[in-house]
Amino acid sequence: MKKNLNKNRGKLRSEEAFDEIKNRIISLKLTPGMELDEASLGKELGMGRTPVREALLQLVAGQLVEMVPNRGFFVRPVTLDDVRDLYETMLLLHRGSISITIRRIKPEQITELQATNKELYKAGLKGEILGVTLLNSQFHRILNEATGNVFLQTYLNNLQDQSQRLAYLTYSKRQEEGPSISHFQLSFDDHEALIASIKKNDEEEAAGIMRRHIKLAHDRVLKYVSELIEIDGTG
């Protein structure tokens, strides 16, 4: 019994490490390409190297971290190929998931979507760019949960982690330029239209809105990454 209890505690610690390191990567506290030292992370998180290593291996599987033989763990860099592959996959999965969502979504989840989008709008008006990215991610995670399919939800949330990191990357680098009102307004409007199509059970319309919404995010990120590569002289 004692062994099992210790094992469960170890599992909880690795989950805690996973959540914390993932959030640091998504919010760019750990930047693309940065080396991740197990001992240093363990000290910061107040835990041993074993749960940290288990968490890093999970993040490798989720494509947020890469493991380089004989060198260690690194935050996965952002490349044009990754941007293309991410949004291609999002388009494919969301095309099927939205019809499942429409059939299974609960009234309270629709209410939650509406409330989250209103908060997103308020954050946009205040120029809280990073707040907009958090609320946008929350909106999509509610949709993912509404599928009622744990496997699909896991895949979609992993993609959302990647998308959220890219949103942080593009917005945080442009903080000094002020909020992108036009983009934030388009995102808000897409969300409102999506909620409306879900409420009237219109799968075709919802799929079209989702496709447009994903393309909006893709185009913004692609433009930023292309500019970054050009500035660095690596393109």
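Two strands are taken here to pair if DSSP finds at least two bridges between them. On that basis, in this predicted model, strand E2 (residues 65-68) and strand E3 pair in the antiparallel sense over four bridges, and the two strands form a hairpin with three residues between them. Within the turn of this hairpin, Asn 70 has a positive phi of about 65°. Strand E3 (residues 72-75) is also joined to strand E1 (residues 35-36), through two bridges and again in an antiparallel arrangement. Phe 74 in E3 takes part in both pairings, being the bridge partner of Glu 35 and standing opposite Glu 66.

The largest pocket holds about 320 Å³ of space and is lined by 17 residues, with Gln 63, Asp 82, Leu 86, Leu 159 and Gln 162 lying nearest its centre. The elements that give two or more residues to this lining are helix H4 (80-104) and helix H7 (150-172). Sorted by class, the lining of the largest pocket comprises eight nonpolar, five polar and four charged residues.

Helix H7, which contributes to the pocket lining as described, also contains Tyr 155, a residue that belongs to a nonpolar patch on the surface. This patch is formed by Tyr 155 together with Val 150 and Phe 151, and the accessible area of the three residues together is about 380 Å².

Conventions: Residues numbered from 1 in each chain as written. Predicted model: local features only at pLDDT ≥ 70, side-chain atom pairs only at ≥ 80, totals over all residues. Heavy atoms only, no water. 1 Å grid on protein atoms, 1.4 Å probe; cavity = no way out; pocket = protein on both sides within 12 Å on 5 of 7 lines; lining within 4 Å. Points joined across faces, edges and corners; volume = space filled by probe spheres on them. Nonpolar A, V, L, I, M, F, W, Y, C, P; charged D, E, K, R; others polar. Patch = residues over 30% accessible without salt bridge, like charges linked within 9 Å, V, L, I, M, F, W, Y side chains within 5 Å. Areas by Shrake-Rupley, 256 points an atom, 1.4 Å probe, with all protein chains shown as cover. Salt bridge = Lys/Arg side-chain N within 4 Å of Asp/Glu carboxyl O.
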